[in-house]
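Hi,

Here is the structure I promised to pass on.

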Amino acid sequence: MTAAQVLIPAQFSAATHAGPERAGQILHLAGDTMGTGWSVQFVARSAEQLGAIRCGIEAVLADLVDQLSHWQPDSALCRYNRAPAGSRHPLPPDFARVLDAALAIAEASDGALDPTIGPLVDLWGFGPPGPRHGVPVAEAIATAQARVGWRRLHRDAGGLLQAGGVQLDFSAIAKGHAVDRVAIWLERAGIAHHLVEIGGELRGQGVKPDGMPWWVEIEAPPGVDAALPTRIALDGLSIATSGDAIRRFEHGGRHYAHSLDPRTGAPLLDAPAAVTVIHPLCREADGWATALTVLGPDVGLALADRLGLAARWQLADAVVTRSRAWQAMVDDSAGDHGHTDG
């Protein structure tokens, strides 16, 4: 292994996973979902059940798309978004779980992540209506922002109320939840050692047949000159990154990132190149990566330290800022200490 900053979870121990349950070979499956790709690596004694495992994974993902997609017109989410004011909607299980998680992050982050951001996402050209040409006028931004606000959501025993014009968008958290659901399905199917990835969000459990963990390298965003790669052993952990290297547009000589601040109605100014979060649940890592991107490395770092979140900000000038929880996971031999370095 080449020189790298190495993150090893405190609970990891190859001896913990010793035994016949990890004997076998590493198999791989992949496909498409949620506008991106999915892949699963897992340890199995033979390839005889590959077809059944693929079917199981694809069934899980199809069910999630039916509930959570804002691109599939007949999904539960899209039906809610089109519903008239005053209507109530019973929520499918995963819809309810994702909504609850998003609302918890919204409250903790003072709305830096907001599941009602759909009108702004569409207005800025990052939603199903497709890319836009030019920048929306102030009046259009104000009109869309008037429909945004997580506190407008009201849920009781009868379901979720459509207050009128509320447009949910779970893009900041749905892929992470899908990673969790696939990992849970694998565990219930008796596949204890696996690595699940959807759109760059990952969750790992167990070890490879040789006792080594599922190593994941955190790549530097395009255009950022990182001194050393960072590798983390994913065993009972997930990792998610929010960044603007790919989804953005240019107008008038200026780049507009897809990371929108729900509080201003516009893309972030001086957005971090990438924010990475490590958490046992990929859903939480995914949602918090977005929220901490919006909050930035100053306010975000203070919140991450207060909540014990393992987070890292990669800034455009190659400066890296890490929370205390992130630092606590770093192998001392990596020389990765201090809140901020260049």
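This is a predicted model: local features need pLDDT of at least 70, side-chain atom pairs count only at pLDDT 80 or more; totals for chains, interfaces and linings use all residues.

Residues are numbered from 1 along each chain as its sequence is written, and side-chain values use heavy atoms, with hydrogens and water left out.

Ile53, Gly56, Ile57, Val60, Leu61, Leu64, Val65, Gln67 and Leu68 of α1 are buried (under 20% relative accessible area, with exposed being over 50% and partly exposed in between, for a 1.4 Å probe and protein chains only). What do these residues pack against? Their partners are β2 (25-33), β3 (36-44), α2 (76-82), α3 (93-108), α6 (174-188) and β7 (194-198).

The α6 packing is worth a look on screen. The axes of α1 and α6 cross at roughly 145° and come within 10 Å (axes are lines fitted to C-alpha atoms, for helices over the stretch in contact, with angles from 0 to 180 degrees between N-to-C directions). Residues of α1 including Ile53, Ile57 and Leu64 meet α6 residues, among them His177, Val182 and Trp185; contact here means heavy atoms within 4.5 Å.

Ile57 turns up again in the largest nonpolar core, which has 58 residues and where Ile57, Phe170 and Leu292 have the most contacts inside it. Helix α7 (residues 282-307) gives the largest share of this core, 11 residues. Apart from it lies another core of 14 residues, including Val43, Leu202, Trp214 and Leu234. A core is a set of buried Ala, Val, Leu, Ile, Met, Phe, Trp, Tyr and Cys residues joined through side-chain atoms within 4.5 Å. Leaving aside neighbours within four places in sequence, Phe170 is in contact with Leu68, Leu77, Phe95, Val98, Leu99 and Pro115.

Now the charges. The whole structure has 10 salt bridges (a side-chain nitrogen of Lys or Arg within 4 Å of a carboxyl oxygen of Asp or Glu). Back in α1, Glu58 and Arg54 pair at 3.3 Å, N to O, and they are separated by about one helical turn because they sit 4 residues apart in the helix. Arg88 and Asp156 pair too, with their closest N and O atoms 3.0 Å apart. Arg88 is in strand β4 (residues 88-89) and Asp156 in strand β5 (residues 154-156), so this pair ties together parts 68 residues apart in sequence. Asp305 and Arg324 form another bridge, at 3.1 Å, N to O; Asp305 belongs to helix α7 and Arg324 to helix α8 (residues 324-328). Arg324 is exposed, at 54% relative accessible area. Asp94, Arg97 and Arg181 are linked in a network of salt bridges.

Last, Ala83, in the loop between α2 and β4. Ala83 is buried, with a relative accessible area of 13%, and touches His89 and Gln162, not counting residues up to four places away in sequence.

Cheers

How values were computed:
Helices (H or I, at least four residues) and strands (E, at least two) are DSSP runs, numbered from the N terminus.
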